[in-house]
Structure formats: structure tokens, C-alpha cells
Amino acid sequence: MIYEMRTYQVQPGKAGEFLKMYQEQGLPLISRYAKLAGCWTKESGVLNSVVFLWAYEDLGHRAGQRAKLAKDAEWTAFVPSMLPYLVHQESVFLAPAAFSPLA
């Protein structure tokens with residue numbers, strides 16, 4: 001199992017609005033291709049940030065699923081509605097240790 005920690009820094013004061021829009025419109029679409037392991041807002045560090053943790057079998061599975069997502073007409077129609085909220089995006093890949101509850 002591999003995890004992608006995807007962090008979106010959003011416009012100040014817009015995290016709640018972004019999360020509502022994403023939950024209602026984006027999550028049903030991306031959930032066809034990735035398993036959401038968690039979602040958080042940050043209270044320290046870079047503020048106005050939302051962190052998603054997506055689970056994949058491995059990096060190859062992730063690449064294949066993201067390729068399918070990129071071809072999904074509903075997803076590509078949704079993405080422009082996210083862009084006005086975003087300041088910065090970062091993806092980090094995490095491999096759980098053998099004793100991790102998420103292993």
C-alpha cells in the first residue's frame with residue numbers, strides 16, 4: 001500500500017467553502033479512482049491548508065488510476081471550479097512502516 005498526501009493551500013478564509021464544494025462535487029468523482037483514507041485542515045504550519053490522504057496499491061496503481069481520472073469528463077469539468085480556491089498544491093508519497101495501522 002502507498003499513500004499520497006496531497007495538500008492544497010487555499011485562499012485565506014475559503015477552506016470551509018472549498019471543503020463543502022469538494023465534498024459535494026469532487027469527492028464522488030475522484031472516489032471512483034482512489035480511496036480516501038483521511039482529510040484534515042491544518043491548524044499549524046502553512047495555514048489555510050487542506051490535507052487529503054489517498055490510498056493506492058502501489059505507485060503503478062496510482063499512475064493508472066490518475067490516468068483514468070484525467071480522462072473522466074465529469075472530473076475534467078469539475079477541476080476548473082477548484083482552481084480559484086488554490087494558492088499552492090503539494091503531493092508527497094508515503095509508504096507505511098510494517099507496524100503502521102494503515103499498512
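**View 1. S49 and the residues around it.** In this predicted model, S49 touches T7, Y8, Q9, W40, T41 and K42, leaving aside residues up to four places away in sequence. You'll find S49 in strand β3. G38 sits eleven residues from S49 along the chain, and their C-alpha atoms are separated by 14 Å.

**View 2. The sheet, strand by strand.** Here's an open sheet of four strands, ordered β2-β3-β1-β4 with antiparallel pairing. The edges belong to β2 (35-41) and β4 (86-94), each pairing on one side only. From one strand to the next, the twist averages 15°. Zoom in on β2 and β3 (residues 49-56): six bridges join these antiparallel strands. One spot to look for is T41, whose bridge partner in β3 is V50.

**View 3. E4 and R6, a buried pair.** The side chains of E4 and R6 meet in a salt bridge, 2.8 Å from N to O. E4 is buried at 0% relative accessibility, and R6 is buried too, at 7%.

**View 4. D72 reaches R32.** Another salt bridge joins the side chains of D72 and R32 (2.8 Å, N to O). This pair links distant parts of the chain, 40 residues apart: D72 is in the loop between α2 (59-71) and α3 (73-82), while R32 is in the loop between α1 (15-30) and β2. D72 is buried at 9% relative accessible area, whereas R32 is partly exposed at 43%.

Terms used: Residues numbered from 1 in each chain as written. Predicted model: local features only at pLDDT ≥ 70, side-chain atom pairs only at ≥ 80, totals over all residues. Heavy atoms only, no water. Pairing = 2+ DSSP bridges. Helix = DSSP H or I, 4+ residues; strand = E, 2+ residues; numbered from the N terminus. Axes fitted to C-alpha atoms, helices over the stretch in contact; angles between N-to-C directions. Contact = heavy atoms within 4.5 Å. Salt bridge = Lys/Arg side-chain N within 4 Å of Asp/Glu carboxyl O. Buried < 20%, exposed > 50% of the residue type's maximum accessible area, 1.4 Å probe, protein only.
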